Amino acid sequence: MISPDQLERSRAYCREITRRRARNFYLGLRLTPEPKRSSLYAIYAWMRRADDIVDGDADDVVASPAGRAAELERFASDSLAICDAVAGSEGGGSVRWPRASEPATSNAPGQTGDTFWPAFTQAIQSYKIERALIEDVFTSLRRDLDPLPMPSENELRSYCRGVASTVGVACIRVWGLRAGATSDDMARVDELASRRGLAFQLTNILRDVGCDYDAEPRRVYLPADSLARAGLSASDLRHWREADRCAAFIREWCHYAEREFIATEPLDDLVHSDGRAALQAMTRTYRTLLGRLRERPELCVGPAASVPRRTKLWIASRALLEQWVASRA
């Protein structure tokens, strides 16, 4: 069972993880009121741990492929056990979380034994986040353990659905829908949130073309069939050979991601007011980043492009002001 003190320490831990690691999300997430804000931090901290395992960035995990695979399966088992225990607790059972967790490090602040599990459990329980969403995350993460070239756009969409769209839908579960929303709205919201997550992930992929290619193991997410149609290889793109052709290719994918952002604009009006400012701030931050990549495609193969902090602050302030004005209308 989760005591108030354990929950508070866990939430503080997740907040610090999010502050340190979520470059494009933290300021936006802060616009969500409590306790929903802490649940979003918990979801981020849980996802960050999963990503660090796969990327070999978790200090307490053997960085070999076998070590990362074994730890990811343990983490998946623990996460799904939480979902099952929460479902069981609704029938009168109790919820426990894994005792083992990563030690305190520069990337995992807090005292030894601090962990995201209590806060993550509370989020799953409070907002009825489905087991299927958690399963889909691990299905896509397993692909990153031994990455192969992405063969097609359909494969890319499937991958993005697992690592990003599922998290987007989970955020909608936490924020909730606007007053008076119907069951039809819920079905529509899930599709829109899934596509918004796709747009976010495509932006990440475009930002990190060079970093992903240079990673060990190498990762190439832009589809092989799309590269072939452009007369390019992944190596051509990484080393920016035939610059005009590379730039046109990246701009084409920027337009693809932008179309997903445009198609999901109705999502903002369907989300509960608790989440509207956060969603708009994060979306505008990503669209700003996407705009930079569209204007200067070569940024995709340099140091990871980013949005200046002052711009993020302006975007967050604008979203908060718009929410306040709407509440007064």
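Apart from its neighbours within four places in sequence, Glu-260 is in contact (heavy atoms within 4.5 Å) with Arg-157, Arg-195, Leu-198 and Ala-199. Glu-260 belongs to helix 12, residues 243-263; helices are DSSP runs of H or I with at least four residues, numbered from the N terminus. Because its relative accessibility is 7%, Glu-260 counts as buried, a class defined by under 20% relative accessible area with a 1.4 Å probe and protein chains only. The model is predicted, with local features requiring pLDDT of at least 70 and side-chain atom pairs counted only at pLDDT 80 or more, whereas totals for chains, interfaces and linings use all residues. Residues are numbered from 1 along each chain as its sequence is written, and side-chain values use heavy atoms, with hydrogens and water left out.

Thr-283 is located in helix 14, residues 273-295. With a relative accessibility of 5%, Thr-283 is likewise classed as buried. When neighbours within four places in sequence are set aside, the contacts of Thr-283 are Arg-196, Phe-200 and Phe-261.

Helix 7 (residues 153-175) has a kink of about 50° centred on Arg-161, the bend at a residue being the angle between axes fitted to the seven residues ending there and the seven starting there.

Helix 3 (residues 36-55) packs against helix 7 at an angle of about 160°, with the axes 10 Å apart. Here axes are lines fitted to C-alpha atoms, for helices over the stretch in contact, and angles run from 0 to 180 degrees between N-to-C directions. Helix 3 is therefore roughly antiparallel to helix 7, a term for angles over 145 degrees. On the helix 3 side the contact involves Lys-36, Ser-39, Leu-40, Ile-43 and Met-47, and on the helix 7 side Val-163, Val-167, Ala-170, Cys-171, Val-174 and Trp-175. These residues comprise 9 nonpolar, 1 polar and 1 charged, where Ala, Val, Leu, Ile, Met, Phe, Trp, Tyr, Cys and Pro count as nonpolar, Asp, Glu, Lys and Arg as charged, and the others, Gly among them, as polar.

A further packing pair is formed by helix 1 (residues 4-21) and helix 5 (residues 117-127), at an angle of about 100° and with axes 7 Å apart. Helix 1 is thus roughly perpendicular to helix 5, the range for this term being 65 to 115 degrees. Gln-6, Leu-7, Ser-10, Arg-11 and Cys-14 of helix 1 meet Trp-117, Pro-118, Ala-119 and Gln-122 of helix 5. This contact contains 5 nonpolar, 3 polar and 1 charged residues.

Definitions and conventions: Helices (H or I, at least four residues) and strands (E, at least two) are DSSP runs, numbered from the N terminus. Buried means under 20% relative accessible area, exposed over 50%, partly exposed in between (1.4 Å probe, protein chains only). Angles under 35 degrees count as roughly parallel, over 145 as roughly antiparallel, 65 to 115 as roughly perpendicular and the rest as oblique.
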